[in-house]
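Reader: I have a protein model open and would like to go through it with you. Could we begin with a term I will need?
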Amino acid sequence: MPHPFFCHSQVTPWLKASNTQLQLTLFVHKELELSQLFIRHEPDNEEQLIPMKPCGQQGELLIWRGELPLHPDSETILYTFKAIGQQEQWWVHAAGVASAMPPRQSHFHFNPQQKPPVWVQDQVFYQIFPDRFCNGDPSISVQSGEYQYGDTTHPVIAKQWGEPVATSHNTTGASEFYGGDLAGIQSKLHYLQSLGISALYLNPIFASPSNHKYDTIDFYQVDPHLGSNQQLAELTNNLHQRGMRIVLDAVVDHTSDQHPWFAAASQAHASARRFYTFDETGNYVGWKGMSHLPKLDFSCQEVQEVVYRGEDAILRHWLRAPYAIDGWRFDVIHMLGEHGSAAGNAYHVRQMRQCMKQENPDAYVLGEHFFEASQWLQGDQEDGAMNYYGFAHPVRAFLAGKDIAYHPVKITAEEFDQWLKQARCSIPFANQLAQFNLLDSHDTARFLSILEGDEALMRAAVTLLFTYIGTPCIYYGDEVGMEGGQDPDCRRCFPWDSTEWNHMLHDHYRRMIRLRKTHPALRRGDIHTLYAGEHSFVFARTLESDVVITALNRHPTKARTITLPIWQTASLANRFTDPETREKFEVVKGEIRLTIPAKTARVLLAT
(Lines give C-alpha, C1' and ligand atoms only; values in the text may rest on other atoms or scores of the structure.)
Protein backbone atom coordinates (compact mmCIF):
# COMPACT_ATOMS: atom_id res chain seq x y z
CA MET A 1 0.00 0.00 0.00
CA PRO A 2 1.53 3.39 -0.98
CA HIS A 3 2.37 5.84 1.77
CA PRO A 4 0.48 9.13 2.05
CA PHE A 5 2.11 12.24 0.60
CA PHE A 6 4.52 14.30 2.70
CA CYS A 7 7.09 16.83 1.57
CA HIS A 8 9.84 18.66 3.44
CA SER A 9 11.42 21.41 1.34
CA GLN A 10 14.91 22.54 2.36
CA VAL A 11 14.83 25.97 0.71
CA THR A 12 13.41 29.34 1.70
CA PRO A 13 10.80 30.16 2.77
CA TRP A 14 10.09 26.61 3.93
CA LEU A 15 13.33 26.25 5.88
CA LYS A 16 14.69 29.24 7.77
CA ALA A 17 17.95 29.13 9.71
CA SER A 18 19.14 31.44 12.45
CA ASN A 19 22.05 31.15 14.86
CA THR A 20 19.82 29.44 17.39
CA GLN A 21 17.26 27.40 15.50
CA LEU A 22 15.91 25.92 12.29
CA GLN A 23 12.30 26.66 11.41
CA LEU A 24 11.13 23.58 9.53
CA THR A 25 8.04 23.12 7.37
CA LEU A 26 6.37 19.85 6.45
CA PHE A 27 3.65 19.65 3.80
CA VAL A 28 0.93 17.03 4.33
CA HIS A 29 -1.90 16.15 1.94
CA LYS A 30 -5.07 17.80 3.22
CA GLU A 31 -7.03 14.54 3.28
CA LEU A 32 -4.62 12.86 5.70
CA GLU A 33 -5.85 13.03 9.30
CA LEU A 34 -2.99 13.38 11.77
CA SER A 35 -3.26 13.48 15.53
CA GLN A 36 0.36 14.49 16.11
CA LEU A 37 3.42 15.48 14.14
CA PHE A 38 6.95 15.72 15.54
CA ILE A 39 10.46 16.74 14.56
CA ARG A 40 12.66 13.94 15.81
CA HIS A 41 16.38 14.55 16.57
CA GLU A 42 19.07 13.36 18.99
CA PRO A 43 20.72 16.06 21.09
CA ASP A 44 23.42 14.40 23.20
CA ASN A 45 22.66 11.17 21.30
CA GLU A 46 19.26 10.83 22.98
CA GLU A 47 15.92 11.01 21.19
CA GLN A 48 13.89 14.18 21.49
CA LEU A 49 10.48 14.76 19.87
CA ILE A 50 9.52 18.37 19.15
CA PRO A 51 5.80 18.96 18.47
CA MET A 52 4.86 20.70 15.22
CA LYS A 53 1.75 22.81 14.67
CA PRO A 54 -0.57 23.24 11.67
CA CYS A 55 -0.36 26.79 10.37
CA GLY A 56 -2.27 27.05 7.13
CA GLN A 57 -2.88 25.52 3.74
CA GLN A 58 -1.37 25.92 0.27
CA GLY A 59 -3.38 24.31 -2.49
CA GLU A 60 -3.88 20.65 -1.67
CA LEU A 61 -1.32 20.75 1.13
CA LEU A 62 -1.57 21.48 4.83
CA ILE A 63 1.40 23.31 6.30
CA TRP A 64 2.93 22.16 9.60
CA ARG A 65 5.79 24.01 11.28
CA GLY A 66 8.19 23.49 14.15
CA GLU A 67 11.46 24.86 15.51
CA LEU A 68 14.56 22.75 15.92
CA PRO A 69 17.07 24.32 18.36
CA LEU A 70 20.71 24.61 17.34
CA HIS A 71 23.59 24.54 19.78
CA PRO A 72 26.80 26.58 19.29
CA ASP A 73 28.93 23.44 19.30
CA SER A 74 26.64 21.56 16.89
CA GLU A 75 28.29 19.89 13.94
CA THR A 76 26.03 18.02 11.51
CA ILE A 77 22.41 18.04 12.73
CA LEU A 78 20.31 14.98 11.87
CA TYR A 79 16.53 15.14 12.00
CA THR A 80 13.46 13.38 10.68
CA PHE A 81 9.68 13.70 11.11
CA LYS A 82 7.31 11.36 12.94
CA ALA A 83 3.65 11.55 11.89
CA ILE A 84 0.91 9.88 13.97
CA GLY A 85 -2.38 8.98 12.29
CA GLN A 86 -5.47 7.27 13.68
CA GLN A 87 -3.88 3.83 13.83
CA GLU A 88 -0.67 4.25 11.84
CA GLN A 89 2.54 6.23 11.89
CA TRP A 90 4.88 7.38 9.17
CA TRP A 91 8.45 8.60 9.19
CA VAL A 92 9.40 11.31 6.70
CA HIS A 93 13.09 11.23 5.88
CA ALA A 94 15.48 12.48 3.20
CA ALA A 95 14.94 9.48 0.92
CA GLY A 96 11.15 9.25 1.23
CA VAL A 97 8.51 7.98 3.64
CA ALA A 98 8.68 4.83 5.78
CA SER A 99 6.50 3.02 8.32
CA ALA A 100 9.42 2.58 10.72
CA MET A 101 12.14 4.95 11.84
CA PRO A 102 14.78 5.11 9.09
CA PRO A 103 18.52 4.64 9.69
CA ARG A 104 20.50 7.75 10.59
CA GLN A 105 22.06 7.86 7.14
CA SER A 106 18.65 8.71 5.67
CA HIS A 107 17.80 11.49 8.12
CA PHE A 108 17.90 15.07 6.89
CA HIS A 109 21.39 16.53 7.38
CA PHE A 110 22.19 20.15 8.23
CA ASN A 111 25.61 21.61 9.04
CA PRO A 112 25.17 25.04 10.65
CA GLN A 113 28.88 25.86 10.74
CA GLN A 114 30.49 24.56 7.53
CA LYS A 115 28.87 25.27 4.16
CA PRO A 116 30.20 25.26 0.59
CA PRO A 117 30.89 28.61 -1.08
CA VAL A 118 27.63 30.03 -2.42
CA TRP A 119 29.28 30.98 -5.73
CA VAL A 120 29.67 27.32 -6.69
CA GLN A 121 25.91 26.90 -7.14
CA ASP A 122 25.85 29.49 -9.92
CA GLN A 123 28.61 27.99 -12.06
CA VAL A 124 28.76 26.02 -15.26
CA PHE A 125 32.13 24.25 -15.13
CA TYR A 126 34.21 23.15 -18.09
CA GLN A 127 36.90 20.50 -17.63
CA ILE A 128 40.04 20.89 -19.74
CA PHE A 129 42.75 18.30 -20.31
CA PRO A 130 45.41 20.90 -21.19
CA ASP A 131 47.49 18.97 -23.74
CA ARG A 132 44.39 18.28 -25.88
CA PHE A 133 42.41 21.54 -25.77
CA CYS A 134 44.31 24.10 -27.85
CA ASN A 135 47.93 24.74 -28.88
CA GLY A 136 48.50 28.44 -28.40
CA ASP A 137 52.32 28.49 -28.42
CA PRO A 138 53.98 25.81 -30.59
CA SER A 139 57.42 27.05 -29.53
CA ILE A 140 57.09 25.37 -26.12
CA SER A 141 55.56 22.10 -27.34
CA VAL A 142 57.24 18.79 -26.56
CA GLN A 143 59.46 17.57 -29.40
CA SER A 144 59.73 13.92 -30.37
CA GLY A 145 62.70 12.30 -28.67
CA GLU A 146 63.19 15.27 -26.33
CA TYR A 147 63.44 12.92 -23.35
CA GLN A 148 62.77 9.34 -22.28
CA TYR A 149 59.49 8.79 -20.48
CA GLY A 150 59.86 6.98 -17.16
CA ASP A 151 61.98 3.85 -17.11
CA THR A 152 60.80 2.69 -20.52
CA THR A 153 62.91 2.47 -23.62
CA HIS A 154 60.75 4.66 -25.86
CA PRO A 155 61.15 8.44 -26.18
CA VAL A 156 58.32 10.92 -25.93
CA ILE A 157 56.34 11.46 -29.15
CA ALA A 158 55.03 14.73 -30.60
CA LYS A 159 51.89 14.22 -32.66
CA GLN A 160 50.00 16.40 -35.08
CA TRP A 161 46.80 17.96 -33.75
CA GLY A 162 43.91 15.58 -34.24
CA GLU A 163 45.93 12.43 -34.92
CA PRO A 164 44.53 9.33 -33.17
CA VAL A 165 45.62 8.86 -29.58
CA ALA A 166 47.25 5.70 -28.28
CA THR A 167 44.98 2.84 -27.35
CA SER A 168 46.66 2.08 -24.02
CA HIS A 169 48.84 3.55 -21.29
CA ASN A 170 50.93 0.40 -21.62
CA THR A 171 52.17 1.75 -24.95
CA THR A 172 52.51 5.49 -25.53
CA GLY A 173 49.29 6.64 -23.86
CA ALA A 174 51.09 8.85 -21.33
CA SER A 175 54.06 9.89 -23.47
CA GLU A 176 52.52 11.33 -26.64
CA PHE A 177 51.97 15.05 -26.80
CA TYR A 178 49.85 17.33 -28.99
CA GLY A 179 50.93 20.73 -27.72
CA GLY A 180 47.90 22.06 -25.86
CA ASP A 181 48.93 24.72 -23.33
CA LEU A 182 47.85 27.66 -21.17
CA ALA A 183 48.21 30.06 -24.08
CA GLY A 184 45.73 27.93 -25.96
CA ILE A 185 43.25 28.11 -23.09
CA GLN A 186 43.76 31.87 -22.88
CA SER A 187 43.04 32.21 -26.60
CA LYS A 188 39.71 30.37 -26.29
CA LEU A 189 38.22 32.20 -23.32
CA HIS A 190 35.91 34.10 -25.65
CA TYR A 191 34.60 30.81 -27.06
CA LEU A 192 34.07 29.40 -23.56
CA GLN A 193 32.35 32.50 -22.28
CA SER A 194 30.10 32.72 -25.33
CA LEU A 195 29.10 29.09 -24.72
CA GLY A 196 28.07 30.12 -21.21
CA ILE A 197 30.97 28.65 -19.24
CA SER A 198 31.69 30.46 -15.98
CA ALA A 199 34.34 28.25 -14.34
CA LEU A 200 37.24 26.07 -15.48
CA TYR A 201 38.59 22.89 -13.95
CA LEU A 202 42.04 22.06 -15.34
CA ASN A 203 43.65 18.64 -15.11
CA PRO A 204 47.15 18.90 -13.57
CA ILE A 205 49.43 21.60 -14.96
CA PHE A 206 52.53 21.29 -12.76
CA ALA A 207 55.90 19.99 -13.94
CA SER A 208 55.67 16.32 -14.90
CA PRO A 209 57.11 13.97 -17.54
CA SER A 210 53.69 12.67 -18.70
CA ASN A 211 50.95 14.26 -20.75
CA HIS A 212 48.36 13.71 -17.97
CA LYS A 213 50.67 15.12 -15.26
CA TYR A 214 49.38 13.03 -12.38
CA ASP A 215 53.06 12.28 -11.67
CA THR A 216 54.36 15.60 -10.35
CA ILE A 217 58.05 16.44 -10.14
CA ASP A 218 57.67 20.08 -8.99
CA PHE A 219 54.54 21.37 -7.23
CA TYR A 220 55.67 25.00 -7.48
CA GLN A 221 56.32 25.17 -11.22
CA VAL A 222 53.88 25.12 -14.12
CA ASP A 223 55.17 22.56 -16.61
CA PRO A 224 57.30 24.52 -19.12
CA HIS A 225 55.60 22.70 -21.99
CA LEU A 226 52.29 24.14 -20.83
CA GLY A 227 53.55 27.62 -20.02
CA SER A 228 54.92 29.48 -17.04
CA ASN A 229 53.87 30.60 -13.60
CA GLN A 230 53.47 34.10 -15.02
CA GLN A 231 51.12 32.80 -17.70
CA LEU A 232 49.02 31.07 -15.05
CA ALA A 233 48.81 34.35 -13.13
CA GLU A 234 47.72 36.13 -16.33
CA LEU A 235 45.15 33.44 -17.07
CA THR A 236 43.57 33.59 -13.60
CA ASN A 237 43.56 37.38 -13.70
CA ASN A 238 41.87 37.37 -17.10
CA LEU A 239 39.29 34.86 -15.91
CA HIS A 240 38.49 36.91 -12.82
CA GLN A 241 38.14 40.07 -14.87
CA ARG A 242 35.54 38.19 -16.93
CA GLY A 243 33.72 37.12 -13.78
CA MET A 244 34.90 33.53 -14.22
CA ARG A 245 36.53 31.08 -11.78
CA ILE A 246 39.28 28.46 -11.96
CA VAL A 247 39.94 25.25 -10.02
CA LEU A 248 43.23 23.35 -10.35
CA ASP A 249 44.02 19.67 -9.79
CA ALA A 250 45.90 18.85 -6.57
CA VAL A 251 47.81 15.56 -6.83
CA VAL A 252 49.14 15.25 -3.29
CA ASP A 253 48.57 11.55 -2.58
CA HIS A 254 51.72 10.65 -4.52
CA THR A 255 54.50 12.08 -6.65
CA SER A 256 56.51 11.00 -9.66
CA ASP A 257 59.45 8.71 -8.95
CA GLN A 258 61.45 11.48 -10.66
CA HIS A 259 60.56 14.02 -7.98
CA PRO A 260 63.66 15.30 -6.14
CA TRP A 261 62.13 14.14 -2.85
CA PHE A 262 62.00 10.59 -4.11
CA ALA A 263 65.43 10.79 -5.72
CA ALA A 264 66.87 11.72 -2.33
CA ALA A 265 64.81 9.03 -0.60
CA SER A 266 66.07 6.40 -3.05
CA GLN A 267 69.60 7.31 -2.04
CA ALA A 268 68.68 6.41 1.55
CA HIS A 269 68.68 9.99 2.82
CA ALA A 270 66.82 9.56 6.09
CA SER A 271 65.07 12.95 6.04
CA ALA A 272 63.75 12.45 2.49
CA ARG A 273 62.90 8.79 3.07
CA ARG A 274 60.35 9.88 5.69
CA PHE A 275 58.33 11.47 2.86
CA TYR A 276 57.42 7.99 1.62
CA THR A 277 56.83 4.51 3.06
CA PHE A 278 59.86 2.21 2.76
CA ASP A 279 60.45 -1.15 4.38
CA GLU A 280 63.79 -2.53 5.60
CA THR A 281 64.58 -4.00 2.19
CA GLY A 282 64.13 -0.70 0.36
CA ASN A 283 60.74 -1.51 -1.14
CA TYR A 284 58.21 1.31 -1.07
CA VAL A 285 54.47 1.78 -1.48
CA GLY A 286 53.27 3.08 -4.84
CA TRP A 287 49.78 4.29 -5.66
CA LYS A 288 47.78 1.16 -6.52
CA GLY A 289 51.08 -0.71 -6.66
CA MET A 290 52.57 1.49 -9.40
CA SER A 291 56.26 1.96 -8.75
CA HIS A 292 56.50 5.22 -10.70
CA LEU A 293 53.90 6.84 -8.36
CA PRO A 294 55.30 6.56 -4.80
CA LYS A 295 52.73 7.52 -2.16
CA LEU A 296 53.46 10.38 0.23
CA ASP A 297 53.35 9.49 3.93
CA PHE A 298 51.20 12.03 5.80
CA SER A 299 52.43 10.81 9.18
CA CYS A 300 55.60 12.74 8.29
CA GLN A 301 55.51 16.27 9.67
CA GLU A 302 57.54 17.55 6.72
CA VAL A 303 54.89 16.22 4.30
CA GLN A 304 52.18 17.98 6.27
CA GLU A 305 54.22 21.19 6.24
CA VAL A 306 54.88 21.18 2.52
CA VAL A 307 51.37 20.11 1.47
CA TYR A 308 49.09 22.14 3.74
CA ARG A 309 50.46 23.30 7.08
CA GLY A 310 53.48 25.45 6.26
CA GLU A 311 53.46 29.14 5.42
CA ASP A 312 54.21 28.44 1.76
CA ALA A 313 52.54 25.04 1.56
CA ILE A 314 51.46 23.85 -1.87
CA LEU A 315 47.74 24.32 -1.24
CA ARG A 316 48.26 27.81 0.17
CA HIS A 317 50.76 28.99 -2.45
CA TRP A 318 48.43 28.89 -5.46
CA LEU A 319 45.43 30.29 -3.58
CA ARG A 320 47.38 33.51 -3.06
CA ALA A 321 48.10 36.36 -5.42
CA PRO A 322 49.24 36.60 -8.12
CA TYR A 323 47.50 33.30 -8.95
CA ALA A 324 44.51 33.43 -6.60
CA ILE A 325 42.91 30.24 -7.89
CA ASP A 326 39.38 29.61 -6.63
CA GLY A 327 39.76 26.06 -5.36
CA TRP A 328 41.38 22.66 -5.60
CA ARG A 329 40.09 19.41 -7.03
CA PHE A 330 41.85 16.68 -5.04
CA ASP A 331 42.93 13.61 -6.97
CA VAL A 332 42.10 10.32 -5.18
CA ILE A 333 41.54 12.27 -1.97
CA HIS A 334 40.05 9.24 -0.20
CA MET A 335 43.32 7.32 -0.58
CA LEU A 336 45.82 9.74 0.95
CA GLY A 337 46.99 9.03 4.47
CA GLU A 338 49.74 7.60 6.62
CA HIS A 339 52.27 4.78 6.18
CA GLY A 340 51.27 3.99 2.60
CA SER A 341 47.59 3.62 3.48
CA ALA A 342 44.50 5.80 4.04
CA ALA A 343 45.05 5.82 7.81
CA GLY A 344 44.31 9.26 9.26
CA ASN A 345 42.60 10.33 6.05
CA ALA A 346 39.73 12.24 7.66
CA TYR A 347 42.11 14.22 9.88
CA HIS A 348 44.35 15.30 7.01
CA VAL A 349 41.45 16.20 4.71
CA ARG A 350 39.97 18.36 7.49
CA GLN A 351 43.34 20.04 7.94
CA MET A 352 43.63 20.68 4.21
CA ARG A 353 40.17 22.21 4.20
CA GLN A 354 41.09 24.41 7.16
CA CYS A 355 44.28 25.67 5.51
CA MET A 356 42.41 26.49 2.29
CA LYS A 357 39.67 28.37 4.12
CA GLN A 358 42.32 30.34 6.01
CA GLU A 359 43.71 31.56 2.69
CA ASN A 360 40.32 32.07 1.07
CA PRO A 361 37.06 31.34 2.94
CA ASP A 362 35.36 31.00 -0.46
CA ALA A 363 37.77 28.40 -1.83
CA TYR A 364 36.04 25.32 -3.29
CA VAL A 365 37.21 22.00 -1.81
CA LEU A 366 36.36 19.35 -4.41
CA GLY A 367 37.17 15.67 -4.02
CA GLU A 368 37.53 12.93 -6.61
CA HIS A 369 35.48 9.88 -5.67
CA PHE A 370 34.25 7.22 -8.06
CA PHE A 371 31.95 5.73 -5.44
CA GLU A 372 29.82 6.67 -2.43
CA ALA A 373 31.47 9.55 -0.57
CA SER A 374 29.01 10.80 2.05
CA GLN A 375 31.55 10.55 4.89
CA TRP A 376 33.63 13.27 3.20
CA LEU A 377 30.57 15.44 2.48
CA GLN A 378 29.22 16.35 5.90
CA GLY A 379 30.62 19.87 5.60
CA ASP A 380 33.80 19.46 7.63
CA GLN A 381 35.94 17.99 4.83
CA GLU A 382 34.84 18.57 1.24
CA ASP A 383 32.39 21.06 -0.20
CA GLY A 384 31.51 18.71 -3.03
CA ALA A 385 32.67 15.60 -4.85
CA MET A 386 32.97 14.68 -8.49
CA ASN A 387 29.52 13.14 -8.48
CA TYR A 388 30.14 9.85 -10.25
CA TYR A 389 28.18 7.82 -7.69
CA GLY A 390 25.22 10.15 -7.31
CA PHE A 391 24.83 11.26 -10.93
CA ALA A 392 27.16 9.87 -13.63
CA HIS A 393 26.77 6.21 -12.63
CA PRO A 394 22.97 6.15 -12.36
CA VAL A 395 22.53 8.19 -15.56
CA ARG A 396 24.83 5.79 -17.39
CA ALA A 397 22.92 2.79 -16.03
CA PHE A 398 19.51 4.26 -16.87
CA LEU A 399 20.23 5.63 -20.34
CA ALA A 400 23.09 3.44 -21.59
CA GLY A 401 22.50 0.18 -19.70
CA LYS A 402 26.10 0.02 -18.47
CA ASP A 403 27.72 0.36 -15.08
CA ILE A 404 31.00 2.08 -14.23
CA ALA A 405 32.94 -1.06 -15.25
CA TYR A 406 31.06 -1.07 -18.61
CA HIS A 407 29.19 -4.22 -17.58
CA PRO A 408 25.54 -4.49 -18.68
CA VAL A 409 22.91 -3.33 -16.22
CA LYS A 410 19.18 -2.70 -16.50
CA ILE A 411 17.29 -0.40 -14.16
CA THR A 412 13.83 1.12 -14.31
CA ALA A 413 13.10 4.81 -13.88
CA GLU A 414 11.78 3.95 -10.41
CA GLU A 415 15.10 2.31 -9.50
CA PHE A 416 16.93 5.24 -11.06
CA ASP A 417 14.96 7.62 -8.83
CA GLN A 418 15.75 5.55 -5.72
CA TRP A 419 19.45 5.52 -6.58
CA LEU A 420 19.48 9.31 -6.91
CA LYS A 421 17.56 9.78 -3.66
CA GLN A 422 19.84 7.43 -1.72
CA ALA A 423 22.90 9.30 -2.98
CA ARG A 424 21.41 12.67 -1.96
CA CYS A 425 19.84 11.80 1.35
CA SER A 426 22.98 11.26 3.39
CA ILE A 427 24.58 14.67 2.81
CA PRO A 428 23.48 18.20 3.80
CA PHE A 429 21.36 20.05 1.25
CA ALA A 430 24.00 22.79 0.86
CA ASN A 431 26.52 20.13 -0.18
CA GLN A 432 24.01 18.61 -2.61
CA LEU A 433 23.96 21.98 -4.39
CA ALA A 434 27.78 21.95 -4.57
CA GLN A 435 28.09 18.42 -5.97
CA PHE A 436 30.12 18.39 -9.19
CA ASN A 437 27.83 16.66 -11.70
CA LEU A 438 29.32 15.18 -14.86
CA LEU A 439 28.45 12.75 -17.63
CA ASP A 440 32.06 11.78 -18.38
CA SER A 441 35.65 12.86 -17.80
CA HIS A 442 39.28 12.14 -18.62
CA ASP A 443 38.87 8.85 -16.72
CA THR A 444 35.83 7.51 -18.58
CA ALA A 445 34.68 6.88 -22.11
CA ARG A 446 32.83 9.79 -23.69
CA PHE A 447 29.14 9.56 -22.86
CA LEU A 448 28.11 9.85 -26.52
CA SER A 449 30.29 6.83 -27.25
CA ILE A 450 28.83 4.91 -24.31
CA LEU A 451 25.44 5.63 -25.91
CA GLU A 452 26.84 4.25 -29.19
CA GLY A 453 26.30 7.61 -30.86
CA ASP A 454 22.62 7.98 -29.94
CA GLU A 455 22.24 11.76 -30.18
CA ALA A 456 18.65 11.82 -28.92
CA LEU A 457 19.60 10.12 -25.67
CA MET A 458 22.68 12.34 -25.43
CA ARG A 459 20.49 15.44 -25.57
CA ALA A 460 18.27 13.91 -22.89
CA ALA A 461 21.32 13.29 -20.70
CA VAL A 462 22.48 16.89 -21.20
CA THR A 463 19.05 18.11 -20.11
CA LEU A 464 19.42 16.05 -16.93
CA LEU A 465 22.91 17.46 -16.37
CA PHE A 466 21.68 21.04 -16.38
CA THR A 467 18.41 20.59 -14.49
CA TYR A 468 19.38 18.09 -11.78
CA ILE A 469 20.48 19.30 -8.34
CA GLY A 470 24.20 20.12 -8.20
CA THR A 471 26.70 22.05 -10.29
CA PRO A 472 27.15 20.86 -13.91
CA CYS A 473 30.49 20.30 -15.61
CA ILE A 474 31.10 19.77 -19.34
CA TYR A 475 34.10 17.68 -20.33
CA TYR A 476 35.83 19.61 -23.10
CA GLY A 477 34.42 18.82 -26.53
CA ASP A 478 31.27 17.04 -25.37
CA GLU A 479 29.34 20.10 -26.49
CA VAL A 480 30.43 19.60 -30.12
CA GLY A 481 29.87 15.85 -30.18
CA MET A 482 33.37 14.53 -29.45
CA GLU A 483 33.53 10.77 -29.00
CA GLY A 484 36.13 8.46 -27.51
CA GLY A 485 36.49 5.13 -25.77
CA GLN A 486 38.04 4.42 -22.42
CA ASP A 487 41.12 6.31 -21.21
CA PRO A 488 43.26 7.35 -23.06
CA ASP A 489 40.95 7.44 -26.11
CA CYS A 490 38.63 9.84 -24.26
CA ARG A 491 41.47 12.42 -24.38
CA ARG A 492 41.35 13.28 -28.07
CA CYS A 493 42.15 16.75 -29.40
CA PHE A 494 39.42 19.35 -29.55
CA PRO A 495 38.33 19.83 -33.21
CA TRP A 496 38.59 23.58 -33.74
CA ASP A 497 37.38 23.22 -37.32
CA SER A 498 33.68 23.93 -36.72
CA THR A 499 32.67 21.94 -39.80
CA GLU A 500 33.42 18.87 -37.67
CA TRP A 501 31.00 19.91 -34.93
CA ASN A 502 27.60 18.49 -34.14
CA HIS A 503 25.84 21.85 -34.25
CA MET A 504 22.49 20.50 -33.09
CA LEU A 505 24.10 19.17 -29.92
CA HIS A 506 26.12 22.37 -29.51
CA ASP A 507 22.95 24.46 -29.72
CA HIS A 508 21.28 22.22 -27.16
CA TYR A 509 24.13 22.79 -24.70
CA ARG A 510 23.83 26.54 -25.22
CA ARG A 511 20.07 26.47 -24.61
CA MET A 512 20.41 24.41 -21.46
CA ILE A 513 23.14 26.66 -20.07
CA ARG A 514 20.95 29.72 -20.69
CA LEU A 515 18.02 27.98 -19.04
CA ARG A 516 20.07 27.17 -15.94
CA LYS A 517 21.36 30.72 -15.68
CA THR A 518 17.87 32.17 -16.09
CA HIS A 519 16.14 30.07 -13.43
CA PRO A 520 17.29 30.23 -9.80
CA ALA A 521 15.40 27.00 -9.08
CA LEU A 522 17.94 25.11 -11.23
CA ARG A 523 20.87 26.54 -9.28
CA ARG A 524 19.68 26.43 -5.69
CA GLY A 525 16.16 25.02 -5.67
CA ASP A 526 14.84 21.89 -4.01
CA ILE A 527 14.05 18.71 -5.96
CA HIS A 528 10.84 16.64 -5.95
CA THR A 529 10.07 13.48 -7.89
CA LEU A 530 6.67 13.71 -9.62
CA TYR A 531 6.73 10.40 -11.49
CA ALA A 532 9.03 7.39 -11.84
CA GLY A 533 7.84 4.33 -13.74
CA GLU A 534 9.50 1.89 -16.15
CA HIS A 535 11.01 4.24 -18.76
CA SER A 536 9.84 7.71 -17.69
CA PHE A 537 11.14 9.96 -14.92
CA VAL A 538 9.79 13.39 -13.99
CA PHE A 539 11.05 15.76 -11.32
CA ALA A 540 10.57 19.38 -10.33
CA ARG A 541 13.07 21.96 -9.09
CA THR A 542 11.42 24.60 -6.93
CA LEU A 543 12.46 27.89 -5.36
CA GLU A 544 9.62 30.13 -4.21
CA SER A 545 7.59 30.96 -7.37
CA ASP A 546 10.19 29.53 -9.77
CA VAL A 547 9.30 25.96 -10.76
CA VAL A 548 11.06 23.94 -13.49
CA ILE A 549 9.89 20.46 -14.46
CA THR A 550 12.11 17.95 -16.28
CA ALA A 551 10.34 15.00 -17.89
CA LEU A 552 12.38 12.23 -19.52
CA ASN A 553 11.23 9.20 -21.50
CA ARG A 554 14.01 6.81 -22.55
CA HIS A 555 11.74 4.35 -24.43
CA PRO A 556 13.24 3.78 -27.90
CA THR A 557 9.98 4.11 -29.86
CA LYS A 558 6.95 4.89 -27.70
CA ALA A 559 5.78 8.26 -26.41
CA ARG A 560 4.47 8.39 -22.83
CA THR A 561 1.51 10.45 -21.62
CA ILE A 562 1.48 11.14 -17.87
CA THR A 563 -0.73 13.08 -15.49
CA LEU A 564 1.59 14.99 -13.18
CA PRO A 565 0.64 16.01 -9.61
CA ILE A 566 1.82 19.61 -9.68
CA TRP A 567 0.12 20.17 -6.33
CA GLN A 568 2.92 18.18 -4.70
CA THR A 569 5.37 21.03 -5.40
CA ALA A 570 3.30 23.49 -3.31
CA SER A 571 3.35 25.73 -6.37
CA LEU A 572 0.48 28.13 -7.02
CA ALA A 573 1.31 28.30 -10.74
CA ASN A 574 -1.69 27.73 -13.00
CA ARG A 575 0.18 27.25 -16.27
CA PHE A 576 3.41 25.71 -17.54
CA THR A 577 5.17 26.29 -20.87
CA ASP A 578 7.64 24.24 -22.87
CA PRO A 579 10.27 26.85 -23.85
CA GLU A 580 11.28 24.92 -27.00
CA THR A 581 7.88 24.08 -28.49
CA ARG A 582 6.00 26.98 -26.80
CA GLU A 583 3.25 24.49 -25.91
CA LYS A 584 1.25 25.54 -22.85
CA PHE A 585 -0.19 23.30 -20.15
CA GLU A 586 -3.01 24.49 -17.91
CA VAL A 587 -3.02 23.26 -14.32
CA VAL A 588 -6.41 21.68 -13.65
CA LYS A 589 -7.19 20.56 -10.10
CA GLY A 590 -3.50 20.63 -9.32
CA GLU A 591 -2.47 18.47 -12.30
CA ILE A 592 -1.22 18.73 -15.87
CA ARG A 593 -1.26 16.12 -18.57
CA LEU A 594 2.00 15.79 -20.52
CA THR A 595 3.15 13.68 -23.45
CA ILE A 596 6.89 12.90 -23.61
CA PRO A 597 8.15 11.64 -27.00
CA ALA A 598 10.44 8.62 -27.16
CA LYS A 599 14.09 9.24 -26.24
CA THR A 600 13.34 12.80 -25.19
CA ALA A 601 13.63 15.05 -22.16
CA ARG A 602 11.20 17.96 -21.99
CA VAL A 603 11.47 21.01 -19.73
CA LEU A 604 8.42 22.93 -18.53
CA LEU A 605 8.50 26.34 -16.85
CA ALA A 606 5.92 27.82 -14.51
CA THR A 607 4.36 30.85 -16.20
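This is a predicted model: local features need pLDDT of at least 70, side-chain atom pairs count only at pLDDT 80 or more; totals for chains, interfaces and linings use all residues.

Reader: Which residue has a side-chain polar atom 3.0 Å from the backbone nitrogen of glycine 340?
Author: That residue is threonine 277, whose side chain places a polar atom 3.0 Å from this nitrogen.

Reader: And where is threonine 277 placed?
Author: Threonine 277 belongs to the loop that runs between α5 (270-273) and α6 (301-309).

Reader: Is threonine 277 buried or exposed?
Author: Threonine 277 counts as buried, because its relative accessibility is 16% and the cut-off for buried is under 20%. Leaving aside residues up to four places away in sequence, threonine 277 touches several others, including Tyr284, Lys295, Asp297 and His339.

Reader: New topic: in what order do the eight strands of the open sheet run?
Author: The order is β21-β20-β19-β18-β15-β12-β23-β22, with parallel pairing. β21 (384-385) and β22 (436-437) are at the edges with a single partner strand each, so one side of each has no neighbour in the sheet.

Reader: How many bridges join β19 and β20?
Author: Four bridges join β19 (residues 327-330) to β20 (residues 364-367). Within that pairing, arginine 329 has leucine 366 of β20 as its bridge partner.

Reader: What about the whole protein: how many helices and strands?
Author: There are 15 helices and 31 strands. Of the 607 residues, 59% count as buried.

Methods. Residues are numbered from 1 along each chain as its sequence is written. Side-chain values use heavy atoms; hydrogens and water are left out. Two strands pair if DSSP finds at least two bridges between them. Helices (H or I, at least four residues) and strands (E, at least two) are DSSP runs, numbered from the N terminus. Buried means under 20% relative accessible area, exposed over 50%, partly exposed in between (1.4 Å probe, protein chains only). A polar contact is a pair of N or O atoms within 3.5 Å; within protein, one must be able to donate a hydrogen and the other to accept it, and residues adjacent in sequence count only if both atoms are side-chain atoms. Contact means heavy atoms within 4.5 Å.
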